[in-house]
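Here is a short briefing to read alongside the model. Take it topic by topic, with the viewer open if you like.

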Amino acid sequence: MELKDKVVVITGGASGLGQATARYMVSEKGAKVALLDLNAEAGAETVAELGEENAIFCETDVTSEESIDAAIAAIMGKFGAIHVDINAAGIPLPCKILDREGVASGLQKYATVINVNLIGVFNVMAKCAEQMARNEPDEKGERGVVINISSGAAYEGQVGQSAYSGSKAGVNGMNIPAARELGPLGIRVNSIAPGLFGTPLVKTLDPKVQDSLIQMCEAPKRMGVLEEFAHTCAFLAENAYMNGRVIRLDAATVMQAR
Ligand SMILES: NC(=O)c1ccc[n+]([C@@H]2O[C@H](COP(=O)([O-])OP(=O)(O)OC[C@H]3O[C@@H](n4cnc5c(N)ncnc54)[C@H](O)[C@@H]3O)[C@@H](O)[C@H]2O)c1
């Protein structure tokens with residue numbers, strides 16, 4: 001799908017990978033972006049940077065259907081269509097199975113992570129697909145593209161990542177059935193499983209932890225640059241033959257247990 005003047009919805013668009021993708025979509029591709037995020041201050045700042053004519057911010061909780069409905073209404077009101085949906089809102093909250101005393105974890109943390117990272121992705125994908133299905137198909141028969149953000153932790157989660165890894169493996173699992181269901185409507189669904197990118201989420205980690213994670217990157221031995229991620233989103237949106245797949249974008253990283 002050609003991205004110029006298309007409307008790209010980005011959850012988690014006020015920070016990190018989502019925000020970098022919003023910048024890239026506007027500056028490199030001439031697209032319009034809708035940023036759905038909890039962080040209203042950063043969202044407003046990002047819109048001011050990108051220009052009101054190119055961007056809208058909707059304060060949204062991806063776990064709430066009502067909140068997403070309100071965002072979709074605002075986007076349709078401003079731009080009149082949705083063509084691409086990039087689901088990058090996510091939380092890394094660690095969740096051990098047993099605590100130091102050997103007591104089983106309560107369900108709350110686990111459920112919170114699944115709710116944001118997996119149910120949130122389904123929620124926004126479904127509401128965007130509903131709008132995409134109403135688009136006139138382009139010359140290749142395309143009406144929309146969904147890109148869900150998974151993680152390398154879906155494959156090699158570290159100790160304490162049962163919830164996070166489970167949520168991201170769920171995102172990977174949705175890929176094929178979603179591509180099968182939405183394909184006949186002209187909507188493609190792919191996922192990206194990033195390795196280590198230097199976003200606020202990662203920068204909050206102890207520098208020693210950051211360094212040990214960098215050591216697990218095979219080559220190049222560094223964190224990913226945010227534009228490398230944004231570029232991959234654009235590739236998935238533009239290439240009409242990419243469907244139903246998870247791209248690992250991680251410098252051949254194989255995460256160790258700790
Ligand atoms: N940074 C990495 O190295 C890395 C690696 C693998 C996967 N990922 C995934 O990429 C995605 C983006 O990560 P990031 O590093 O840019 O994180 P980030 O913390 O910089 O950005 C995440 C954004 O999601 C928003 N958010 C959180 N919960 C939300 C909710 N309920 N509703 C709406 N918005 C919500 C936050 O406010 C924040 O702005 C996440 O899904 C993360 O799991 C990141």
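A residue counts as buried if 20 or more other C-beta atoms lie within 10 Å of its own, as exposed if 12 or fewer do, and as partly exposed in between, with C-beta atoms placed from the backbone. This is a predicted model, in which local features need pLDDT of at least 70 and side-chain atom pairs count only at pLDDT 80 or more, while totals for chains, interfaces and linings use all residues. Residues are numbered from 1 along each chain as its sequence is written.

**Overall build**

- The protein has 9 helices and 7 strands, where helices (H or I, at least four residues) and strands (E, at least two) are DSSP runs numbered from the N terminus.
- Its radius of gyration is 18 Å, close to the 18 Å that the globule rule gives for 258 residues, so the protein is as compact as a globular protein of that length. The radius is taken over C-alpha atoms, and the rule is 2.2 Å times the number of residues to the power 0.38.
- The C-alpha trace spans about 55 × 40 × 40 Å along its principal axes.
- Of the 258 residues, 43% are buried.
- Among contacts between residues at least 6 apart in sequence, 71% join residues at least 24 apart; a contact means that two C-beta atoms, placed from the backbone, lie within 7 Å.

**Around the ligand**

- The shell around the ligand holds 30 residues, of which Gly12, Ser15, Gly16, Gly90 and Thr199 come nearest. A residue is near a molecule if its C-beta atom, placed from the backbone, lies within 6 Å of it.
- Helices α1 (16-27), α4 (108-132) and α7 (200-203) each supply at least two residues of this shell.
- By class, the shell has 16 nonpolar, 12 polar and 2 charged residues. Here Ala, Val, Leu, Ile, Met, Phe, Trp, Tyr, Cys and Pro count as nonpolar, Asp, Glu, Lys and Arg as charged, and the others, Gly among them, as polar.

- In α2 (residues 40-50), the buried residues are Gly43, Thr46, Val47 and Leu50. Seen down the axis of α2, they fall within an arc of 100 degrees, so they line one face of the helix; the arc is that of the directions from the helix axis to the C-beta atoms.
- The face of α2 turned away from the buried side carries the exposed residues Glu41 and Ala48.
- The cover over the buried residues of α2 includes α1, β2 (32-37) and β3 (55-59).

**Backbone features worth a look**

- Most residues other than glycine have a negative phi, and most peptide bonds are trans.
- The peptide bond from Ala219 to Pro220 is cis, with omega near -5 degrees, and Pro220 lies in the loop between α8 (207-215) and α9 (226-238).
- Ala251, in the segment after β7 (246-249), has a positive phi of about 50 degrees although it is not a glycine. Ala251 is partly exposed, with 18 other C-beta atoms within 10 Å.
- Ala252 also lies in the segment after β7 and has a positive phi, of about 60 degrees. Ala252 is exposed, with 11 other C-beta atoms within 10 Å.

**Gln158 and the chain end**

- Gln158 sits in the loop between α5 (153-156) and α6 (162-182) and is partly exposed, with 17 C-beta neighbours inside 10 Å.
- Leaving aside residues up to four places away in sequence, Gln158 touches Met255, Ala257 and Arg258.
- Gln158 and Ala257 are 99 residues apart along the chain, yet their C-alpha atoms are separated by 4.6 Å.
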